[in-house]
Amino acid sequence: MLGLMQHRSLALPHVFHRAEQYFGHKSIVTAGAQDESTTTVAEWAQRVRRLATVLDTLDVSADGRVGTFCWNTGRHLELYMAAPCTGRVLHTLNIRLFPDQLGYIVNHAEDEVVFVDRSLLPVLWPLVDKFETVRHFVVIDDGAVAPLPEDPRVHDYEELLAAAAPFEGTFTIDDEDSAAAMCYTSGTTGNPKGVVYSHRSAVLHALISLTADGMALSERDVVLPVVPMFHANAWGLPYGCLLAGTDMVFPGPNMTPQAIVALLEKHRVTVTGGVPTIWMGMLPLLPAHDLSALRVILCGGSAVPRVLSEGYREAIGLPMLHAWGMTETSPIATMSVLRSHHATLTEAERADVRARQGQPVPLVDLRLVDPSTGETQPWDDAATGEIQAAGPWIAAQYYRGEGEGAQFTDDGWLRTGDVATVDGYGSVRLVDRTKDLIKSGGEWIGSVELENEIMAHPKVAEAAVIAVPHPKWVERPLACVVVKPGETLTAEEVIAHLEPRVAKWWLPDAVEFIDEVPKTSVGKFSKKTLREKFGGYQVTAP
Ligand code: AMP
């Protein structure tokens, strides 16, 4: 017997029309290089309607890829809706990618048009001859003075919008499984791979950010996404904000901790999200600012050091909301929220819970699998294994079927490449990436765990641990440590700090002091770069 409920497509037009109809009075602030601009959601929606017909004028095909090379701005949010609501596919390009990778991605996705912020034009323009399918470049004026190239392919965003008639009526997407947006993985090995989000996955994922055990986004919130809009749809925040009807603040090109903290204070932001690096930079600035309106600092993309979360709790009474996920998981897969069985814990024990990656959010299934035997591991916080994920916003394959087999199991689960333990309540504690694990004498050492312990040292700003070759043990850990400005630290002090905290055989064989941990284009520790730097490193036996 079939259920007798209406089948309505779960698609982004619903999110657009809901925002336009009920939340037109809400504000969208974008910080510029010199000043900030404010529009209402009603004005934004009118511009989305004009942009929809601009895409027709530019002759973008029915499911053509619309590239964006933009900061976090209200105009980027226009593209976030106009492309998918007209059946096109929003393709957010990472503005920090190496030129070769960018060329590869644009050609692989077959972008037909690229919208670019004027301040980013000097980065993009030298590459345009590599782009094989792009017919138009639309420059969005963000106050920068970069000259416009004399080229018939170049258009001015505002001129196009002014000349366009607004789309009238209701956007419709009949097939909820059709593509809405795509984003390439950062690609630490091999070529980047395209993750293609569907309308259905985008809507369901947005909905999860409204749940009480998630961010609980509501109409009363003011949200500032620090996480770039070119990275996994800014963790779904823009669509979640429009669905909930929040006010929004976009930081624009100035992503310094000083600029972000000033915006958080000025606009009484209640919810924000970004990778640990940005929050580390902001920590010393907290005492000079009133952030009393903040209720959620979503943090993920890399392990959130316990000491960072505790630093915020001590300074402003608000620890981080730790989440885990990846581009392939839209990205939100787990969130670390205190549960009723944590009620009697001490503050220190609660901090330990928050340092975990947390429980799967509703509709996401996880399992722990021993990569060598393929056996499912028990959830007892002792056994480690690779996390595999399944759910309606988890990738089933990459664009053009790449990476098949390596990344997806025969029964349709995503191999995340993250190694973890899980407790009896389903709370994940990430130990490492499969490729970053250090195998010493046949036993695994978790580099992420070691890093967290080193970063708990009050004089340490950042630390990354990598495997280096060892004549007897095959691999041993090397700690690369960044000391806080004005402090001094010795290798012996680092080891002495670790001794009571980790097993003896986990202690790094060497400590190297470096100026900065190299970062990937999305702000994560680039262990690949460190491994290259210390490739010839030899620690001596024993
Ligand atoms: P990306 O697809 O570039 O967002 O990278 C996803 C990867 O980032 C994951 O597979 C993890 O290795 C790492 N990651 C994301 N969130 C966390 C977290 N909360 N803790 C530790 N690692 C994380």
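Modeller: Start with His322. In this predicted model, a polar atom of the His322 side chain lies 2.8 Å from a nitrogen atom of the ligand. Gly301 uses its backbone instead: an N or O atom there is 3.0 Å from a ligand nitrogen. How much of the ligand does the protein bury? The ligand alone exposes 500 Å², and the protein buries 91% of that.

Now widen the view to the shell. It holds 16 residues, and the closest are His322, Ala323, Thr327, Asp418 and Arg433. Sort the shell by class and you get 5 nonpolar, 8 polar and 3 charged residues. Two elements give two or more residues each: β14 (321–325) and β20 (428–433). Of the elements, β14 gives the most, with 4 residues.

Follow the chain on from β14. The loop between β14 and β15 (332–335) contains Ser330. Is Ser330 buried or exposed? Ser330 has a relative accessible area of 4%, so it counts as buried, the cut-off being under 20%. Leaving out residues up to four places away in sequence, Ser330 touches Tyr197, His205, Ala232, Gly236 and Trp393.

Next, the nonpolar cores. The largest has 86 residues. Leu12, Trp44, Leu77, Met81, Phe115 and Met215 have the most contacts inside it. Helix α2 (residues 41–57) supplies the largest share of this core, 8 residues. A second core is separate, has 71 residues and includes Phe69, Met280, Leu308 and Ala467.

Trp44 is then in contact with Phe16, Ala19, Ile28, Gly74, Leu77, Glu78, Met81 and Leu242.

Last stop: helix α10 (residues 257–266). Its buried residues are Pro257, Ala259, Ile260, Val261, Leu263 and Leu264. What covers them? The cover includes the strands β1 (27–31), β2 (36–40), β10 (222–225), β11 (247–250) and β12 (271–274), along with the helix α11 (276–282). After α10 comes Arg268, with a positive phi near 50°.

Methods
Residues numbered from 1 in each chain as written. Predicted model: local features only at pLDDT ≥ 70, side-chain atom pairs only at ≥ 80, totals over all residues. Heavy atoms only, no water. Core = buried A, V, L, I, M, F, W, Y, C linked by side-chain atoms within 4.5 Å. Buried < 20%, exposed > 50% of the residue type's maximum accessible area, 1.4 Å probe, protein only. Contact = heavy atoms within 4.5 Å. Near = heavy atom within 4 Å. Polar contact = N/O pair within 3.5 Å; in protein donor to acceptor, adjacent residues only side chain to side chain. Areas by Shrake-Rupley, 256 points an atom, 1.4 Å probe, with all protein chains shown as cover. Nonpolar A, V, L, I, M, F, W, Y, C, P; charged D, E, K, R; others polar.
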